[in-house]
Amino acid sequence: MSAHPGGVLAAFLHEDAAVSAIRSLKELGYKDFTVYSPAPNHALMEAVGHKISPVRLWTLVGGLVGVTSGFAMTIWMSLDYPIVVGGKPIPSWIPYVVIGFELTILIGAIATLTGLAVHILLTRKAAAYDPRFTDDQIGVFVPCPTERRGAVEQMLNAAGAVEVRVAA
Amino acid sequence: MTDGMDRRKFLKVLGVTGGGTAALAGCSTDDVAKLIPYMVPVEDQIPGVATYYASTCRGCAAGCGVHVKVREGRAVKLEGNPEAPINRGKLCARSQASLQATYHPDRNRSAMMRQGEGLAPAEWEAALAEVATRLQAAPAGSVWFMHGTQTGSLDALIGEFVTAIGGRRLVFEAFAHEAVRHASRETFGRDEVPLYRFADAQYILSFGADFLETFMSPVEYTRGFADAHGYRDGRMAKYVHIEPRMSGTAMSADEWIAPTPGSEGTLALAMAQVIVERGLGRPPADARSLRAALASFTPDLAAQATDIDAATITRLAQEFAAGPSVALPGGIGTQHADAHRTAAAVNVLNYVAGNIGHTVEYGHGLRQGDGYATLREFTVAAEAGSIQVLLIHDANPVHASPSALNVSGALGHIPFVASFSRFQDETSAWAHVVLPDHDAMEQWNDWQPRAGVQMLLQPAMAPVFDTRQTGDVLLDLSRRMGRTPRQATYKEYVQARWADLQRTLGDRAPFDTFWRNALQRGGVWTEARPATVRLAAGATRVTNPAWAPTEGQLTLIAYPSSTFYDGRDAHVPWLQELPDPVTKMTWGSWVEIHPDTADRFGIMEGDVVQVTSAQGTVAVPAYLYPGLRPDVVAMPLGQGHTAYTRYATGVGVNTWSLLPGEAAVFGGAQHYVSVSLTRTSRHERLAKTEGRNRQLGRGIAQAVTLGGIAHGALDHPFHVAHAAPVPEREEHLLDEVAAAQRRATDYGPYALRNTRWGMTIDLSRCTGCNACVAACSAENNVPYIGAEQVRRGRAMQWIRIERYFEGGEHGEPLETRFVPMLCQHCGNAPCEPVCPVFAAYHTPDGLNGQVYNRCVGTRYCGNNCPYKVRYFNWYDMSEPGAPKFAWPDPMHWMLNPDVTVRSRGVMEKCTFCVQRIRGAQHRAATEGRALVDGEVRTACQQTCPADAITFGNMMDPEAQVTRTAADPRGYRVLEGLNTKPAVTYLMKVRHLEEA
Amino acid sequence: MATGKAPQPTYAEITRDIAATLGNPGKGYYALLTTAVVLFLAGAITVLLEVRYGLGLAGYRTPVFWGVYITTFVFWVGIAHSGTLISAILYLFRSAWRTAVYRTAEAMTVFAVLTAGLFPLIHVGRMWYAYWLIPYPNQRQLWVNFKSPLIWDVFAVSTYLTVSTLFLMVGLIPDIASLRDKATGWRKKLYQATALGWRGTDQQWRHYTKAYMYMAALATPLVLSVHSVVSWDFAMAIVPGWHATIFAPYFVAGAIYSGVAMVITLLVPIRKVFKLERYIHEDHFENLSKLMLLTGMIVAYAYVTEYFIAWYSGNPFEQASFWNRAFGDYWWATWTMLICNGLLPLFLWSRKIRRSIPALFVLSLFVNLGMWFERFVIIVVSLSFEYEPYAMGHYSATWADWLVLSGSFGWFFMWFLLFAKNFPTVSITEVKEVIPMPRKGGAH
Amino acid sequence: MAKWVRPMAKASGVLMTGALLVVLVGAMQTSQTAPSATMQSFEPFQAPRDVDTTNLRGPRQPILYRHDIHAGQYQMDCRYCHGYVEVSSSPGLPSTAVCMGCHMVVQTQSPEVQKLAEAHNSGTPVEWVEVHELAQFVRFPHQRHVVAGQVACQECHGPVQEMVQVWQFSSLKMGWCLDCHKERGQTTDCTACHY
């Protein structure tokens with residue numbers, strides 16, 4: 001993504017360095033910086049301090065939709081063209097549990113992924129990027145106007161970045 | 001359809017409307033269907049509505065009346081004519097399947113003349129001219145006319161024809177019962193086979209007569225037997241069968257006694273001796289004259305000869321003399337060198353018991369054929385070159401006589417042979433000219449099965465091929481030979497004779513009325529008075545027959561096949577696939593060997609065995625059968641054709657090739673011959689439809705004894721799958737479940753207040769004759785699939801006769817039970833809920849519906865059916881051109897238009913003949929009335945010669961089926977599974993004292 | 001988690017080593033791939049012949065309406081299970097050792113279900129109407145019978161296929177991203193497209209980790225349900241030998257058992273060929289074989305229970321059916337099953353064997369065989385000996401059965417081989433996740 | 001009794017010629033005075049004298065039989081030609097003899113009628129193209145619908161009396177059958193039609 005506002009991009013090899021950098025950024029009142037990491041990392045997440053992802057709500061709703069639609073479909077369909085088999089009640093809910101269950105899982109899962117996609121898109125920020133961040137380095141991008149970049153660069157270097165550059 | 005031109009011709013004559021081959025096309029509706037109207041409306045033909053023509057079955061000499069069901073001008077089904085005196089509306093399996101011969105693809109399609117080696121189609125004109133000239137050229141006495149049993153007009157016409165040309169006629173019938181006739185001559189001075197009245201008998205004793213299979217008039221005798229032997233409120237006749245082999249007939253016996261082969265006569269004499277000595281029964285006055293002759297045949301002496309202990313013999317004698325009884329000679333019991341003595345002995349036994357004139361009637365003029373001896377005369381004459389011209393009609397002696405006689409060789413000596421055969425068989429292969437006869441469905445004719453009974457045949461449809469009624473051909477020939485017969489056509493000839501008949505009957509009505517009525521009823525009949533017979537001189541000369549196999553060899557019994565008779569029906573694929581009532585084998589031959597004997601020879605079932613007699617040897621798979629004496633092996637006759645249509649040729653082996661050529665004293669062929677067995681290295685999987693022949697104690701086929709009933713056996717009927725008693729609490733739960741299910745089946749359209757179709761099958765009447773199986777196939781377009789598929793276990797018959805053995809091991813007597821198994825139309829059908837698409841479901845009138853066009857073919861229903869009565873179309877038998885196509889042109893014309901022909905990949909099963917139910921409902925609705933009980937008859941019920949099947953609405957308390965189902969003998973198969981079947985079986989009852 | 005015998009790989013090494021597995025394939029690979037494709041084609045042609053001429057080509061007969069095809073269907077569904085088990089259930093249990101093996105297992109799951117899914121089609125008489133099993137509005141105004149276990153199957157298997165595929169894809173995204181940032185040429189394009197713009201930002205990880213966990217949470221009951229539903233195809237029927245309440249747990253255990261065996265069968269060569277000894281070592285195999293031992297014992301126990309209940313129920317049909325299994329026409333199938341599934345796993349009690357990779361490989365092959373025969377015994381042998389003695393019959397498979405069976409293996413391995421060369425068979429991200437990042441003050 | 005009936009029937013074909021006109025008049029009266037179950041009464045309909053046959057609806061028949069003239073203009077009862085509709089599952093087609101009954105005297109000059117006459121005299125049946133074709137696994141008992149169900153022909157076959165050439169009016173698909181059955185509270189049992 002090239003159309004980012006411009007700012008400072010730092011790469012870290014060490015977890016603790018990155019963490020301290022993030023802390024000081026927050027102290028300096030920076031909110032909309034972006035942190036890259038090659039794998040999910042608790043220390044970083046803690047430092048960044050997001051609230052719990054709302055994706056789980058999607059799962060819940062999806063599951064409920066699934067179970068209701070499962071029972072609704074089976075019962076309505078068997079009443080729509082009533083056919084007796086093996087002397088069993090026309091709408092018999094017990095066997096329909098299976099359908100209800102499967103749809104719970106199916107729709108639940110699909111909803112979860114939809115939620116994932118939606119929230120990632122919603123929280124997307126324009127930021128500079130470097131391929132190393134999916135390999136072995138942690139990246140921090142701080143969008144800031146030109147006049148304040150010096151300060152930020154200095155702070156990040158102090159925190160122990162292996163490389164700090166202005167990404168215009 | 002396959003052959004456009006043929007069809008057009010067919011239609012033009014018959015005026016079919018609508019897609020006649022509708023059913024065939026299965027699910028494809030692509031090509032443009034043509035509607036072809038009648039040229040002129042035929043008053044008694046309404047497209048879409050069946051018309052029935054009364055006629056007569058010509059499968060054998062019995063003369064059963066039939067109703068030919070005709071749709072759109074095509075005969076599609078045979079049903080018994082309820083009025084006919086012989087069969088009273090019932091038919092046998094052979095008759096039910098016979099339409100396949102009518103529409104047989106290998107029928108002779110036109111006249112044929114010899115060209116070089118083979119026969120080529122020819123103009124009738126040319127063929128007739130050829131025959132006429134040959135006949136004229138032939139010197140007097142050098143013309144022979146050989147034909148099968150004929151009665152009535154054709155018989156007369158042939159007679160006139162033969163006398164006119166100064167020829168000789170020879171009536172060939174493979175099973176002419178010479179011994180019985182010979183014995184009757186000897187003992188009573190009557191050259192005929194008596195009529196046996198089972199219905200009046202309380203004790204039936206058969207000396208090897210297979211009266212339920214091939215003997216004289218099977219349908220009539222089956223009915224009579226079932227009426228006598230079937231259990232009704234505490235009473236039934238006892239049936240004892242005496243034969244070294246348990247034949248299909250013997251399987252219905254209460255007692256099967258296996259004497260040393262050929263010693264049956266001795267037993268009969270010993271019994272007679274006991275009766276006379278002790279003055280049992282009601283013997284006629286002159287019976288005492290036999291005393292001297294019988295004196296020597298004491299039970300003890302007989303015991304050695306027969307291998308039956310004296311006590312048993314005495315008991316039999318007492319039982320026999322006690323009530324109205326009947327003893328039958330005949331069948332293979334009377335087909336060995338000395339068998340006329342057996343027959344005579346049995347006659348004497350009947351006489352001293354006072355049965356003659358009561359259960360045994362003479363004077364009905366029952367004769368079939370001139371006897372085997374005359375066939376010898378023929379071969380001798382032929383080899384002597386004294387036969388110039390031979391006419392053959394409805395006879396295949398080359399196959400159906402001992403090969404040792406070498407009829408084919410004889411035919412080779414005859415310069416000119418003309419055949420009227422409808423098919424190319426081993427005999428007509430020798431013909432120089434073939435003048436194919438009409439099928440019974442296509443011709444005017446009459447038939448006189450016995451004194452006082454005249455049956456009519458009328459064409460139910462136009463001829464399928466370019467054939468001609470033999471009667472017309474004979475008239476034509478005599479015209480060509482310069483004579484002017486009184487009638488122009490054979491039909492007129494028949495009518496002329498019937499005009500005479502009307503006179504003799506003293507009927508004053510105009511002939512047309514008489515004729516019309518006769519046509520409608522299928523003939524005219526009067527009760528003929530039996531002749532009173534007295535002992536003839538020969539009776540006192542009775543002596544014990546003797547048959548002994550060569551030292552160290554086994555006795556081979558070559559018995560007539562109840563399915564193919566003498567082999568004439570081997571060309572009917574449905575019959576080829578009809579499981580033999582005894583062995584359940586299809587499409588082939590086998591040799592029955594007692595398990596112990598098999599052990600001695602190290603033979604396993606399916607091992608191919610060399611059976612060698614003095615005359616020849618055949619290789620045939622072994623079938624281990626406990627229903628034999630260990631010193632006896634048995635093989636059916638009728639298979640092993642070398643040239644008889646695509647279905648019979650090369651199937652099985654020809655058992656006639658083992659039999660001696662010389663005629664016995666009494667002029668019959670010998671069906672006993674001593675043979676030796678050698679096991680070969682080959683083994684084949686038998687093409688039989690039976691899985692296991694024991695019930696594993698599952699109570700599929702249940703039986704009680706008469707004694708048992710007396711001791712209250714029916715008060716606690718036997719149930720399987722309740723091995724452990726169900727606790728009360730669980731019983732209670734089960735009841736609740738059942739109640740819930742009832743509520744469910746009462747849902748909306750499923751309220752069963754109106755109808756619940758049900759069936760009862762009385763096992764005490766069922767004789768396992770297979771008639772229902774054939775009838776079902778004919779009614780429901782059930783295809784045949786061939787030997788290989790049967791081996792794979794894919795036979796399609798919707799109803800099958802399960803045959804189970806009981807006992808037979810460690811000394812206890814062998815018992816056989818039959819269970820006709822068809823879809824049970826369960827109330828809680830296990831097959832229904834598992835079908836993902838509702839192709840199997842429960843209809844509002846309580847049927848277990850199967851919707852072919854909805855079926856996807858998961859076969860789950862088949863797995864879940866405990867009765868295994870669902871059949872899957874593994875291949876496409878319905879699509880012309882498909883490798884397994886079952887209805888080659890013109891056979892597809894016999895398909896029932898009311899029943900969908902199933903295509904591959906769908907499940908099918910018995911529908912309780914739903915097409916008949918719906919048809920009746922439409923009729924009733926159109927007439928604005930309700931269905932009445934008995935209006936709907938399933939195909940199996942309609943044809944059952946023993947009347948074992950009842951069908952109707954179980955919800956109607958008045959219905960016959962409801963009342964029959966309430967019988968204390970009633971049980972449902974695998975009741976423990978709570979499937980609530982709609983089919984109730986009534987336990988078989990065995991006439992035995994022990995409970 | 002990887003015990004520290006070998007020094008732990010750094011993040012950079014991980015990316016490098018695993019990316020290396022996607023290098024240009026050698027002759028051996030193509031040989032395998034061709035074999036797989038040929039087998040698959042042979043099977044496919046057989047199926048076409050059956051569509052044209054009818055199912056009669058296979059060994060079916062009247063009492064035995066289900067044969068090798070359904071056996072193989074259940075076999076593959078079973079194989080599928082361990083995948084989700086390892087990836088989802090062990091994930092919820094936070095067992096770190098799974099990270100090295102779960103990707104392979106998961107891929108196996110997807111392709112196994114893909115294979116299994118074909119069989120219901122292959123085995124029906126009128127494949128061209130199979131879509132009637134789906135409840136869709138049609139002019140006939142007909143719906144499907146939701147009481148039929150086969151409809152449950154339709155829902156269960158399709159759900160399972162969807163969910164496990166999604167699960168696999170989600171797991172792949174970060175890996176693909178890191179490959180994207182290394183790769184060149186057409187692969188670069190491929191990965192750019194499939195990485196869906198993943199960069200590993202804090203926000204992405206925030207939602208991703210949660211979503212992944214809930215997917216796992218959903219997949220867990222699914223695993224247990226799918227094979228239960230499959231087992232009900234049999235348990236719901238009244239066939240002696242099928243109609244048993246033990247079937248669901250019994251089948252699930254069996255499924256995981258066979259699945260783990262198949263994972264081992266696949267991992268051993270992959271580890272060798274891709275030189276992943278550093279990431280997949282004895283510990284992983286030992287854990288897997290412990291899992292195998294556990295489920296194997298459950299299965300063995302189920303066998304015993306079946307026979308005990310058959311005897312104890314006093315139901316003559318059950319008793320006869322089980323007697324027939326052990327001593328009837330098919331004794332050989334039954335004993336193969338008992339030995340492969342009941343006896344051989346007992347070797348796993350020895351730690352030596354649990355850690356000997358060749359031994360495990362051989363053992364896993366036997367277990368696969370045994371589990372196929374288990375289904376054969378349950379399906380074919382029970383059907384061939386049902387209620388109606390007269391209608392009992394012997395089923396023998398034909399060439400059509402065997403070709404379709406081998407075809408299914410071809411189909412499965414075709415997909416798996418293609419996958420292994422284009423996507424990482426070991427999860428880059430998750431392997432990293434369990435290894436702490438370097439700190440300025442050195443390791444903690 | 002196919003054989004001995006045929007000559008008789010031929011004769012009856014000729015006899016019909018005479019009898020026919022009377023019958024025809026009778027038929028017209030019934031259809032005017034008492035509308036029958038099988039025929040809705042409708043305004044007398046004037047069929048177009050000439051029609052452009054190039055693009056008529058429905059399959060092209062070997063002979064352009066004008067239902068609009070026969071059934072519409074002259075108000076002939078359907079059952080006059082489709083005589084079996086009340087007794088049989090198939091309504092039946094008129095034999096050429098029936099047609100010739102009228103057309104020996106009526107419209108003998110019309111080329112279409114001449115085709116018919118030609119067919120009749122040469123004894124080759126006319127091969128009409130089936131318009132309403134049911135799948136082969138479906139049974140449709142006309143008699144029950146017409147007599148017991150009091151369903152008029154037009155309900156399924158449409159305004160045949162206005163069709164120059166008959167075209168398929170209803171889809172004849174299962175859903176179509178069911179709609180009517182449900183609407184009238186008739187059975188929806190599968191084996192009512194499929195067996």
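Visitor: Which residues lie nearest the centre of the second largest cavity?
Guide: Rolling a probe the size of a water molecule over the atoms shows where empty space is left. A cavity is a set of points, on a 1 Å grid over the protein atoms alone, where a 1.4 Å probe fits but cannot get out; lining residues have an atom within 4 Å of a point. Here the model is predicted, with local features needing pLDDT of at least 70. Residues are numbered from 1 along each chain as its sequence is written. Nearest the centre of the second largest cavity are B:Cys92, B:Ala93, B:Glu213, B:Pro218 and B:Ser562, out of 28 lining residues.

Visitor: How many lining residues of the second largest cavity are nonpolar, polar and charged?
Guide: Ala, Val, Leu, Ile, Met, Phe, Trp, Tyr, Cys and Pro count as nonpolar, Asp, Glu, Lys and Arg as charged, and the others, Gly among them, as polar. This lining has 15 nonpolar, 11 polar and two charged residues.

Visitor: What volume does the largest cavity have?
Guide: A volume is the space filled by probe spheres set on the points, which are joined across faces, edges and corners. The largest cavity has about 770 Å³. Its lining counts 45 residues, and B:Arg58, B:Asp394, B:Arg422, B:Arg568 and B:Asp569 are the closest to the centre. By class, 18 are nonpolar, 15 polar and 12 charged.

Visitor: What ipTM and pTM does the predictor give the complex?
Guide: The ipTM is 0.89 and the pTM 0.90.

Notes: Chains are lettered from A and ligands numbered from 1 in the order in which they are written. This is a predicted model: local features need pLDDT of at least 70, side-chain atom pairs count only at pLDDT 80 or more; totals for chains, interfaces and linings use all residues. Side-chain values use heavy atoms; hydrogens and water are left out. On a 1 Å grid over the protein atoms alone, a cavity is a set of points where a 1.4 Å probe fits but cannot get out, and a pocket is an open set with protein on both sides within 12 Å along at least five of seven lines; lining residues have an atom within 4 Å of a point.
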